Amino acid sequence: ASDSVVVTVNPAPPAAGAVLRLQLDGDALDSSGAGNHGTWSGSEAYTPGAVGQAGAEQTDTQILKFTRAGKFLLQIGKQNTHDGNADTRILLQPTGIFVDPSSNEVYVSDGEHGNHRRVIVFDGATGALRWRAQAKGDLSAAVGSDGRHAAVVTTDNELQVFDQGKWVWTERLPGRVITAPLVAGERVFVQ
């Protein structure tokens, strides 16, 4: 079932914050289980054998990793704790997660509404910091990556690209972008 889609369920009980993986015909393949603190405005990432989820509410300062069966595996950050932009252990309203399966790196676009404004990358197994980069503006979309380059879009419609934590280039876009950039073959695609 390689053709599938990942869906975050509306945070209303009884399936509050569940992440589901569905075949394109609608048949359910599996899910993360309920109660994993995901929110409607957050983001999810799906990799073989695991589901990660972030919430974008004011008190969301962590991302969580679960097995497909819902067993807790890893926490990066700590719920409802924030020590400022320099703190690389705590997130603040993470807007999106991208997992590079080849390196097991977790790319997080971190911050909404003037908060962190950064791309921060963690080791997917241990949660250790790999690198971080400061975006120039509020983030409007999740992070996209090819495992080397990471791209985000700001609310001022600026596409910003980083290479292993170093700023590479910025391009002003003609329209608003609300989806994560697709980074592939040393190119960045936005919709």
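A polar contact here is a pair of N or O atoms within 3.5 Å, where within protein one must be able to donate a hydrogen and the other to accept it. I keep in mind that this is a predicted model.

**Entry 1: Glu-105**

I looked up the side chain of Glu-105 with that definition in hand. It makes a polar contact with the side chain of Tyr-107, at 3.2 Å. I then placed Glu-105 in strand β9, which covers residues 105-110. Buried or exposed? Glu-105 has a relative accessible area of 8%, and buried means under 20%, so I noted Glu-105 as buried. Next I listed what Glu-105 touches, leaving aside residues up to four places away in sequence. The list holds Phe-98, Val-99, Asp-100, Val-121, Phe-122, Gly-124, Arg-130 and Gly-147.

**Entry 2: Gly-144**

I turned to Gly-144, which sits in strand β12, residues 144-145. Gly-144 and Asp-100 are 44 residues apart in sequence, and their C-alpha atoms are 9.9 Å apart in space. Which residues does Gly-144 touch, not counting those up to four places away in sequence? I found His-149, Ala-150, Ala-151, Ala-180, Pro-181 and Val-183.

**Entry 3: Trp-169**

I moved to the surface. Trp-167, Val-168 and Trp-169 form a nonpolar patch there. Together they have about 280 Å² of accessible area. I located Trp-169 in strand β15, residues 166-172. The relative accessible area of Trp-169 is 34%, which lies between 20% and 50%, so I logged Trp-169 as partly exposed.

Key: Residues are numbered from 1 along each chain as its sequence is written. This is a predicted model: local features need pLDDT of at least 70, side-chain atom pairs count only at pLDDT 80 or more; totals for chains, interfaces and linings use all residues. Side-chain values use heavy atoms; hydrogens and water are left out. Helices (H or I, at least four residues) and strands (E, at least two) are DSSP runs, numbered from the N terminus. Contact means heavy atoms within 4.5 Å. Patches are made of residues with over 30% relative accessible area and no salt bridge: like charges are joined within 9 Å, nonpolar side chains (Val, Leu, Ile, Met, Phe, Trp, Tyr) within 5 Å. Accessible areas come from the Shrake-Rupley method with a 1.4 Å probe; for residues, only the protein chains shown count as cover. A salt bridge is a side-chain nitrogen of Lys or Arg within 4 Å of a carboxyl oxygen of Asp or Glu. Buried means under 20% relative accessible area, exposed over 50%, partly exposed in between (1.4 Å probe, protein chains only).
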